[in-house]
Amino acid sequence: MPTTRRQFLRLAGGVTVAGTMPIVTLRPIEATPAMLNTAIRNVVGEAQIRNGKVKLDIPPLVENGNTVPMTVSVASPMTADDHVKSIHVFNEKNPQPNIGNFHLGPSSGRAEVSTRIRLADTQKVVAIARLSDDTFWQVAADVVVTLAACTEEMN
Amino acid sequence: MAALINVPAKAKRGEIIEIRTLTSHIMETGFRHTADGKLVPRDIITSFACRYNGIEIFRADLFPAIAANPYLSFFTVARESGKFEFEWIGDNGYSSTASASITVE
């Protein structure tokens, strides 16, 4: 039987509704900017965080929040006297504000780490580097996510 | 258990080399529910470490926001021939190891 226009539209409408549902139901459980600040303060303490030195490579628009490639690099000579001790990555709206902590040293040679992360919503990602002189440097990037990760139903 | 490690087989002394690792793990966030509303318990890798001839050169604390089958890439200075050892530790007593060797000229 050939599909009528009416059947086709009903079907297309159903797909659209099902497609947008998870995004709507995700809203209640998410970290808040306040949780992000708390998580950052847990790592940084009272120290001042300056902008710069850190570079965060992440796509500005991702279709699938389940696996988002991300590279953090820090401008540093990576010598015994002047190197990056650690890199900390945070998010604003996942259920939990932490993404990962990466510990490096002068033997790293280059202060660069790549991984793949999950993003539950369109949000800000923050990367903070701790240098050997215990100064903190940060950068933030905004990412638009069309399909969320983390909290969807299991099928 | 399965892990993919990418380390150059040979390097010049003092050269900065990239190490890439991929391991298979579900990284269940602990925030998802089944269709009947039950919370799926968290099951993630929480820690990764890389040792170069016994000395730790890289360590990472992982959280549920790391994608399934965690991929990590980082750098080190090739200083001597020897072995890289990798270790992943996670929830429910999860532990997995891998190693790779390098010749430094």
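Two strands are taken to pair if DSSP finds at least two bridges between them. With that convention, strand β7 of chain A, residues 112-117, and β6(B) pair in the antiparallel sense over two bridges. Helices (H or I, at least four residues) and strands (E, at least two) are DSSP runs numbered from the N terminus.

Before I continue, a word on provenance and conventions. This is a predicted model, in which local features need pLDDT of at least 70 and side-chain atom pairs count only at pLDDT 80 or more, while totals for chains, interfaces and linings use all residues. Residues are numbered from 1 along each chain as its sequence is written, and chains are lettered from A and ligands numbered from 1 in the order in which they are written.

On confidence, the model scores ipTM 0.95 and pTM 0.85. For pLDDT, the predictor's confidence in each residue on a scale from 0 to 100, chain B has a mean of 95, and 99% of its residues reach 70 or more. Within chain B, confidence is lowest in β1(B), with a mean of 95, and highest in β6(B), at 98.

Let me return to the pairing between the chains. Ser114(A) stands opposite Ser73(B), which belongs to β6(B). The two strands are part of an open sheet of six, in the order β2(A)-β4(A)-β7(A)-β6(B)-β3(B)-β1(B), with antiparallel pairing. Glu18(B) stands opposite Phe75(B) of β6(B).

I turn to the contact between the chains. Two residues are in contact if their C-beta atoms, placed from the backbone, lie within 7 Å. The contact takes 31 residues from chain A and 27 residues from chain B. On the chain B side, the elements that give two or more residues are β5 (55-62) and β6 (71-77). The largest share of that side, seven residues, comes from β6(B). By class, the chain B side has 19 nonpolar, five polar and three charged residues; here Ala, Val, Leu, Ile, Met, Phe, Trp, Tyr, Cys and Pro count as nonpolar, Asp, Glu, Lys and Arg as charged, and the others, Gly among them, as polar.

Next, chain A itself. It contains two helices and nine strands, and its pattern along the sequence is α-α-β-β-β-β-β-β-β-β-β. Among its contacts between residues at least 6 apart in sequence, 71% join residues at least 24 apart. A residue is buried if 20 or more other C-beta atoms lie within 10 Å of its own, exposed if 12 or fewer, and partly exposed in between, with C-beta atoms placed from the backbone. Of the 155 residues in chain A, 39% are buried.

Strand β5 of chain A, residues 84-91, is mostly covered, with seven of its eight residues buried. Seven bridges join β5(A) to β8(A) in antiparallel fashion, and Val89(A) stands opposite Ala127(A) there. β5(A) also pairs in the antiparallel sense with β6 of chain A, residues 98-103, over five bridges. A hairpin through six residues joins β5(A) to β6(A).

Val54(A), in strand β2 of chain A, is buried because 23 other C-beta atoms lie within 10 Å. Beyond residues up to four places away in sequence, Val54(A) touches several residues, including Val72(A), Ala127(A) and Trp137(A).

Finally, the nonpolar core, defined as a set of buried Ala, Val, Leu, Ile, Met, Phe, Trp, Tyr and Cys residues joined through C-beta atoms within 7 Å. In the largest one, of 56 residues, Ile87(A), Ile117(A), Leu119(A) and Ile66(B) touch the most other members. Strand β8 of chain A, residues 123-131, gives the most to this core, with five residues. Leaving aside neighbours within four places in sequence, Ile117(A) is in contact with residues of both chains, among them Val68(A), Ile99(A) and Ile66(B).
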